[in-house]
Amino acid sequence: MATIPTTQEQYRLVRAGAQGPFKLELVTAPVREPGPDEVLVKVHAASLNRRDVFVMKGQYPVGPRESLVPLSDGTGEVVAVGPHVTRFRVGDRVAAIFFQSWLNGRPSPQFLDSALGGQLDGMLTQYITLNQQGLVKLPANLTYEQGATLPCAGVTAWNGLFTRGHMQRGDTVLLEGTGGVSSFGLVFAVADGAKVIITSSSDAKLEEARKLGAFGTINYKKVPDWEKPVRELTGGIGVQEVLDVGGKDTLPHAIASLGFGGHIALIGGLGGFGGDVPVMALMTSNATVSGIYVGSRADFEAMDAFIEKHDVKPIVSRVIPFKDAKAAYELMESAFFGKIVIRM
Ligand SMILES: NC(=O)c1ccc[n+]([C@@H]2O[C@H](COP(=O)([O-])OP(=O)(O)OC[C@H]3O[C@@H](n4cnc5c(N)ncnc54)[C@H](OP(=O)(O)O)[C@@H]3O)[C@@H](O)[C@H]2O)c1
């Protein structure tokens with residue numbers, strides 16, 4: 001059995017007071033022994049989401065915290081378990097779930113207080129002690145680095161397309177941009193036999209998306225009214241599913257791209273959070289619009305089963321060593337396709 005140290009290296013976001021931007025600092029912290037229902041995980045990989053950039057800038061609700069361990073997403077190996085733990089054994093490969101207390105069913109407002117890397121300390125640490133309920137097994141076909149991309153972006157795309165959406169073989173799915181959530185939309189849709197139309201500001205990334213199975217690609221900078229080519233690509237019918245990450249700027253185009261009875265998963269506000277609701281257009285086309293906030297452990301487990309069955313591989317753009325975690329944050333401002341991962 002691996003020797004468990006009493007201290008570890010850990011990154012903390014630190015700020016003076018309860019508001020404003022944070023600074024990332026490397027600190028020495030204790031390794032906490034697991035309580036009766038807890039599991040001690042040696043973290044092997046973590047990954048960044050756009051949310052983590054917003055958290056660092058003080059633009060995301062984390063409560064009045066002066067310091068926190070960032071990142072919701074990470075994977076590792078179970079190195080110790082408390083006496084009441086039944087879900088895991090030492091040696092298991094696990095991933096943490098985003099909302100530690102949302103296990104299944106409908107979300108409730110209380111779950112918001114259980115988000116890792118926000119209200120609770122997160123995964124940018126060498127060891128983490130979590131309740132056994134807040135972990136899932138890692139799909140057998142994924143490395144720790146690949147698995148570390150799943151908890152936020154993967155589960156969000158899954159929830160949008162499969163739990164709240166009803167993607168089926170032969171459907172056409174519209175994805176906006178080539179970031180984390182959309183890249184999961186791409187690999188899930190292709191694995192499920194759906195057709196993908198994807199937008200990007202970069203022709204090079206659109207070419208990459210084509211190689212990964214997208215059938216329609218549109219540069220949203222060059223073609224601002226991109227609903228027109230979406231309609232053409234679908235023979236005038238429109239798409240059945242949309243993962244909308246742009247919000248205010250993209251939603252009108254997404255609605256204009258939607259086929260009769262289609263579904264839009266409202267996920268992000270990269271282009272702002274305001275906007276009007278076009279009641280008539282949504283109503284007469286029998287559309288469904290869902291607000292999505294990541295998902296539950298049950299979503300995660302259903303996604304894991306799909307990933308194993310179809311040997312789905314998340315798109316990892318870059319892997320950065322733990323000691324260079326600050327560089328990983330800087331890379332979030334660069335042109336990347338998919339996910340940025342930190343290896344411990
Ligand atoms: N509700 C939830 O549970 C949830 C979960 C995860 C993420 N989110 C939100 O969803 C959004 C995307 O998250 P992410 O982690 O996937 O981000 P990300 O990995 O940083 O992806 C950003 C990409 O989106 C594209 N993009 C940027 N601005 C755009 C715009 N105005 N219109 C269309 N595309 C645009 C760009 O793609 P190109 O470079 O190809 O142009 C950019 O590279 C963020 O707002 C995030 O906070 C919400």
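Visitor: Which backbone atom lies 2.8 Å from an oxygen atom of the ligand?
Guide: A backbone N or O atom of Gly180 does. Keep in mind that this is a predicted model.

Visitor: Which side chain has a polar atom 2.6 Å from an oxygen atom of the ligand?
Guide: That is Tyr220. Arg50 also takes part: an N or O atom in its side chain is 2.7 Å from an oxygen atom of the ligand.

Visitor: How much of the ligand does the protein cover?
Guide: On its own the ligand has 930 Å² of accessible area, and the protein covers 86% of that.

Visitor: How many residues surround the ligand?
Guide: There are 24, and the closest are Thr178, Ser200, Ser201, Tyr220 and Val294.

Visitor: What classes are they, for the shell around the ligand?
Guide: Eleven are nonpolar, eleven are polar and two are charged.

Visitor: Which helices each supply at least two residues of that shell?
Guide: Helix α1, residues 50-56, is one of them.

Visitor: Is Val294 buried or exposed?
Guide: Val294 has a relative accessible area of 3%, so it counts as buried, the cut-off being under 20%.

Visitor: What about its phi?
Guide: The phi of Val294 is positive, about 50°, although the residue is not a glycine. Asn286 is also not a glycine and has a positive phi, of about 55°.

Visitor: Where is the place of Asn286?
Guide: Asn286 is in the loop between α8 (279-284) and β14 (288-291).

Visitor: New topic, strands. In what sense do β1 and β2 pair, and over how many bridges?
Guide: Strand β1, residues 7-14, and strand β2, residues 23-30, pair in the antiparallel sense over eight bridges.

Visitor: Which residue in β2 stands opposite Arg12?
Guide: Glu25 stands opposite Arg12.

Visitor: And how many bridges are there between β1 and β4?
Guide: Two bridges link β1 with strand β4 (residues 67-68), and the pairing is antiparallel.

Visitor: What is the bridge partner of Leu13 in β4?
Guide: Leu68 is the partner of Leu13 there.

Visitor: Where do side chains point in a regular strand?
Guide: As a general rule, they alternate between the two faces of the sheet.

Note on methods:
Residues numbered from 1 in each chain as written. Predicted model: local features only at pLDDT ≥ 70, side-chain atom pairs only at ≥ 80, totals over all residues. Heavy atoms only, no water. Pairing = 2+ DSSP bridges. Helix = DSSP H or I, 4+ residues; strand = E, 2+ residues; numbered from the N terminus. Near = heavy atom within 4 Å. Polar contact = N/O pair within 3.5 Å; in protein donor to acceptor, adjacent residues only side chain to side chain. Areas by Shrake-Rupley, 256 points an atom, 1.4 Å probe, with all protein chains shown as cover. Nonpolar A, V, L, I, M, F, W, Y, C, P; charged D, E, K, R; others polar. Buried < 20%, exposed > 50% of the residue type's maximum accessible area, 1.4 Å probe, protein only.
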